[in-house]
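Please read it with the structure open.

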Amino acid sequence: MRPRMNLSFQAFLSTLLLTLALTFSGLQATPASAQSNSGSTYTSDEMVATGHKFFGSVSGGIASVVEKAFSKYGEPNGYILGEEGSGAFVAGARFGEGHLYTRNAGTHKIFWQGPSLGWDFGGDGARVMMLVYNLPSVEAMHNRYLGVNGSAYLVGGVGMTVLTNHNVVVVPVRAGVGARLGLNIGYLKFTPQPTWNPF
């Protein structure tokens, strides 16, 4: 006689699978190689130089990682420099703060936070540079961005992941200390003010 699955657990499992499916369906970002205002974007050389200066002695793989991002998404029209901390035991959270830089709209303080769920254990602290593509305004940055964190692309101690919200693409480039194992699914929420609520 087959054991019957509890209905409440079955509903939870169905909801979790639907959430994962929606998350992965949002990852198909459109390449941003054709920016409408070329004067508002940043070149690969500029981002590599910024990364080397920002990350310092741990910037060994920055050129390869930035070139990977540029080959897929083109030139960003904004970038974020900041620091973050995170921790997880299956479920976790990430908090960070920094500045959003744009050519046309100046520099703005920005904060981010978000939960994660997946095969992920440990904690880390890191400096992070985020390349931002197709950003129509500073206010548009204040949204939730879905993506896959973990070992998306890693070289020389520098890692790259991809987050999306409709046509806006955010590519966090991290170099830091700590131990984060495996692949986790989550999102980052960007806000103009700090908050302890990762949701």
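**Salt bridges and a loop asparagine**

1. Glutamate 97 has a relative accessible area of 41%, so it counts as partly exposed (buried is under 20%, exposed over 50%, partly exposed in between; 1.4 Å probe, protein chains only). Its salt-bridge partner is lysine 109, with the closest N and O atoms 3.0 Å apart. The pair joins strand β1 (glutamate 97) to strand β2 (lysine 109), 12 residues apart. Lysine 109 is partly exposed too, at 38%.

2. Some ground rules. This is a predicted model: local features need pLDDT of at least 70, side-chain atom pairs count only at pLDDT 80 or more, and totals for chains, interfaces and linings use all residues. Residues are numbered from 1 along each chain as its sequence is written, and side-chain values use heavy atoms, without hydrogens and water.

3. The whole structure holds four salt bridges (a side-chain nitrogen of Lys or Arg within 4 Å of a carboxyl oxygen of Asp or Glu). One of them pairs arginine 174 with glutamate 84 at 2.4 Å, N to O. It links strand β5 (residues 168–178) to strand β1 across 90 residues. Strands are DSSP runs of E, at least two residues, numbered from the N terminus. Both arginine 174 and glutamate 84 are buried.

4. Glutamate 83 bridges to arginine 127, closest N and O atoms 3.6 Å apart. Glutamate 83 is partly exposed at 48%, and arginine 127 is partly exposed at 36%.

5. Asparagine 134 sits in the loop between β2 (106–133) and β3 (144–155). Its C-alpha lies 6.6 Å from that of asparagine 77, 57 residues apart in sequence.

Conventions: Helix = DSSP H or I, 4+ residues; strand = E, 2+ residues; numbered from the N terminus.
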